[in-house]
Amino acid sequence: MQTDTNQAVAKLSPLLPLTPPEQEQLLHQILNFTNQHLTGTAPAVFTIYGEAGTGKSVVLSHLFNELQVRTRNAQTSPLFKTTNYFLVNHPEVLKVYKEIAGDQAALLKKNFMRPTSFINRLDKQHQTVDVVVVDEAHLLLSKPDHYNNFYHENQLAEIIKRARVVILVFDPYQVLRMKSFWTRDRLEQITHRYPHQEVTLTHQFRMSASTSLLQWMNDFTDGVINPLPADARDHYDFRVFTDAEKMRQQVFKRDAAVGLSRILSTSGYPSTLDGGKHYIQEGRFKMPWDQYNYTATPWAEIPSTINEVGSIYTCQGFDLNYAGIIIGPVIAQVPGTNRLQVNLDRFTDSEAFKRRDDLTDPADVKHYQERLILNALNVILKRGVRGTYLYAHDPLLNHTLATIYASNLERK
């Protein structure tokens, strides 16, 4: 079995070459934008849009390393002796960047922070900085969160106030909580107040799946169940299971063979305690939810987590070789149609739906709550580099997926 350890670090290492020419061109474009605006009278914002797996974080890792090299070595560069920070609101992803920093001469772990810690520290010191790079900007808080010591209205707005240049990546399909509620329009209401540039990444680097299978996944998480494309299994191990336990067995085989294979699930299961752990049960299948990870190693890269069910909070931002996806009770099929329905009454992640003062229309609230749940499904669907396996709790959806999968196999 190949080791899971440090695969995320290897993927984001600034020592690995970027993919020419798109990523290299983007890196130079951002560096030029940064140099032009470091001495401006107003902050400037560079936004990178892109769906999961389009290489956003890879570009940021190389960018920040290059910024920090230039702060130390290029005395003729506008970046010489600048003060720069890299922010990410995902604790598991932050662990990866800090580990990278430990291996690179130009990078210091102290320059990688959670946004709230960054804002509160600068407030205490009455300071501003030069450049801030923000990974996973769709996870920034867009309302106060006193539990996490954030007392302002919006993290992005506060970050921009404290920097000369802000570079961020954003994917509206990875917005998962009301306290981090964003749309592209809401983001641009802030970023477009300042000098800005934008780039959209479209090439899929993570998954070896065909473009048409990726589109099928996008349609699915927009609520539409289409027939599987003819090339759904070309160079990619896509399967549908009607038995969650059989899917688990296949994922375990993949993990034993190549490593980094895990079971993931949506919300929607009751909080069933057994021996101090919360379990998911589907027929013969019974596994505990992911446990809080106190180690410096990301959840997905701890070998023992093969015995846990991962969630959006442990897998977002990470690659898996194979992902077994449980579509839980929160998502079902509308009888007599090819559409999904979101069962808000089956949603069990109460933290995700915290009330917002700026969303008061019940229809809007319902729409966005449903969108967050479908976004969460989109996130976990796009973890598997080599293969994705699906199982649905809802009997009708289970049958429909099995039927379209069988039809796809027959065409081969």
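Which residues have the most contacts inside the largest nonpolar core? They are Phe118, Trp216 and Phe220, in a core of 76 residues. By nonpolar core I mean a set of buried Ala, Val, Leu, Ile, Met, Phe, Trp, Tyr and Cys residues joined through side-chain atoms within 4.5 Å. Buried is under 20% relative accessible area, with a 1.4 Å probe and protein chains only.

Some ground rules. This is a predicted model, where local features need pLDDT of at least 70 and side-chain atom pairs count only at pLDDT 80 or more, while totals for chains, interfaces and linings use all residues. Residues are numbered from 1 along each chain as its sequence is written, and side-chain values use heavy atoms, with hydrogens and water left out.

Helices here are DSSP runs of H or I, at least four residues, and strands are runs of E, at least two, numbered from the N terminus. Leaving aside residues up to four places away in sequence, Phe220 touches Ile225, Ile327, Leu340, Leu377, Leu381, Leu397 and Leu401, contact meaning heavy atoms within 4.5 Å. A second, separate core has 37 residues, including Val9, Phe64, Leu107 and Leu201.

Now the whole protein. There are 12 helices and 16 strands. The radius of gyration is 22 Å, close to the 22 Å from the globule rule for 412 residues, so the protein is as compact as a globular protein of that length. That radius is taken over C-alpha atoms, and the rule is 2.2 Å times the number of residues to the power 0.38. Of the 412 residues, 58% are buried.

How values were computed. Buried < 20%, exposed > 50% of the residue type's maximum accessible area, 1.4 Å probe, protein only.
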